[in-house]
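Please examine the structure shown here together with its sequence. The paragraphs after it are meant to be read with both in view.

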Amino acid sequence: MKLILIGLGTVGRGLLRIFHDKRAELESLDGFRPIVIGVVTRTRGTLYHPDGLEIERLLSLERLGDYPDTPGLERGWDAERIVRASDADALVEASPSNFQTGQPALGLCLAALATGKHVVLANKGPVAVAYDELREQAKQAGRLLRFEGTVMAGTPSLRLGMQALLGCRIESARGILNGTTNYILTQMESGMSYDDALAQAQALGYAESDPSADVDGWDAAAKAIIVARALFGKHLTFDAMQVKGISAITPEDIAFARASGERWKLIAEVSRDGGSVPPVRISVSHPLAGVSGTTNAITYATDLLGDVTLIGAGAGGAQTGFALLSDLLEIYTDSTSR
Ligand SMILES: NC(=O)c1ccc[n+]([C@@H]2O[C@H](COP(=O)([O-])OP(=O)(O)OC[C@H]3O[C@@H](n4cnc5c(N)ncnc54)[C@H](OP(=O)(O)O)[C@@H]3O)[C@@H](O)[C@H]2O)c1
């Protein structure tokens, strides 16, 4: 399977590491052999080779410009040119999420679909702002669009709702979908101030230097929008949602909740009627109350099974790399079974 990889950061490298470390294991899965023919970064250059690039070398290089010269290698082609000119089977999008426009990833995904490539995303932006456009383009092109990694990394939250629970009616979804805020709230439970907990989350690489997308609730809101669209066909926008972050929660709020047998959690809620992301107090006996640190969880309320809760990793290179891999394997299996 020939691939173009946009973004070679935590997630892109996580995927390449899996390709490298699990090469034999993957090949034993009906001969799945990923060949990376293009990589694109913002500051470290781009590479394209129609026969494939060496994954081990891509992992070891700081600058893609240091990749050794080989006949057929193109350096410095822009992403659009690589996408349009290549015969890749799939585009893998792992560049930063833009919640305003989804760009530049959105344009690349549309170009990939228009030129007959499947599209797999960890990037939430295009899915949150332009799901319908992407879906329509994929349908017209007869290609698959997959985005498991956009919600709860490799923990299969979307696949559970869209595939395993098919036949159940899912009434609503409630989840802890942002690991940074859950980590901060967990640290505050053990006596830390909000500022210290945020600083610790940044030092550990959980929160970015500008943490506003996480602490103000927008990252969780993007995931809620994706869940609502994918599971309920509900068209939600950021403007239509009540979104509130955790920055106003004080140690006194935490102590007050504890005295009542409750815990603060930033909960993303969606149903066919709409969605919201509020910090709420939930009973310590609720399944989501026990989800601590950077762990994520989602509870689907279903008609036939009652509540089904999935708990697992919500971030990380290997964890999100796995999400991309699982989507690619689904596409590969689909194409080999035809
Ligand atoms: N990290 C996680 O745990 C996680 C989990 C789920 C989803 N995601 C999503 O996955 C995506 C990637 O996350 P990450 O943590 O890997 O980010 P990251 O470590 O910041 O890496 C981003 C990569 O994208 C490249 N890039 C930036 N702007 C670009 C552009 N305009 N065109 C092409 N490449 C560009 C960067 O290039 P340079 O190398 O030159 O900087 C870098 O290689 C994001 O959308 C994120 O929301 C991440």
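Predicted model: local features only at pLDDT ≥ 70, side-chain atom pairs only at ≥ 80, totals over all residues.

Residues are numbered from 1 along each chain as its sequence is written, and side-chain values use heavy atoms, with hydrogens and water left out.

A polar backbone atom of Gly316 is 2.6 Å from a ligand oxygen, a backbone N or O atom of Leu8 lies 2.8 Å from a ligand oxygen, and for a polar backbone atom of Thr10 the distance is 3.0 Å. The protein covers 77% of the 900 Å² of accessible area that the ligand has on its own. Such areas come from the Shrake-Rupley method with a 1.4 Å probe, and for residues only the protein chains shown count as cover.

Helix H13 comprises residues 317-336. Helices (H or I, at least four residues) and strands (E, at least two) are DSSP runs, numbered from the N terminus. The buried residues of H13 include Gly317, Thr320, Gly321, Leu324, Leu328 and Ile331, where buried means under 20% relative accessible area, exposed over 50%, and partly exposed in between (1.4 Å probe, protein chains only). An α-helix has 3.6 residues a turn, so residues three or four places apart point the same way.

The sheet can be followed strand by strand. Six strands form an open sheet with mixed pairing, in the order E9-E12-E11-E8-E14-E15. Its edge strands are E9 (242-243) and E15 (306-312), each of which pairs on one side only. Two strands pair if DSSP finds at least two bridges between them. Strands of a sheet pair through backbone hydrogen bonds, either parallel or antiparallel.

Both senses occur here. E9 and E12 pair in the parallel sense over two bridges, with Val243 opposite Val277 in E12. E11 and E12 run antiparallel and are joined by three bridges; Glu269 stands opposite Ser276 in E12, and a hairpin connects E11 to E12 through two residues. On strand E12 (residues 274-277), Gly274 and Ser276 point one way and Gly275 and Val277 the other way, yet all are buried. Strand E8 (residues 170-176) pairs with strand E11 (residues 268-271) in the antiparallel sense over four bridges, and Ala173 stands opposite Val270 in E11. Ile267 belongs to the loop between strand E10 (262-266) and E11, and counts as buried because its relative accessibility is 0%.

The remaining features lie in loops. In the loop between strand E7 (145-146) and helix H7 (157-164) is Thr150, which is buried with a relative accessible area of 1%. The side chain of Thr150 reaches the backbone oxygen of Phe147 at 2.7 Å, a polar contact being a pair of N or O atoms within 3.5 Å; within protein, one must be able to donate a hydrogen and the other to accept it, and residues adjacent in sequence count only if both atoms are side-chain atoms. Ala153 is also found in the loop between E7 and H7, and has a positive phi near 45°. At 1% relative accessibility, Ala153 counts as buried.

Asp30, in the loop between helix H2 (23-27) and strand E2 (35-40), likewise has a positive phi, near 55°, but Asp30 is exposed, with a relative accessible area of 60%. A cis peptide bond with omega about 0° joins Gln103 and Pro104, and Pro104 lies in the loop between strand E5 (90-93) and helix H5 (105-114). Most residues other than glycine have a negative phi, and most peptide bonds are trans.

Definitions and conventions: Expected span 1.5 Å × (residues − 1).
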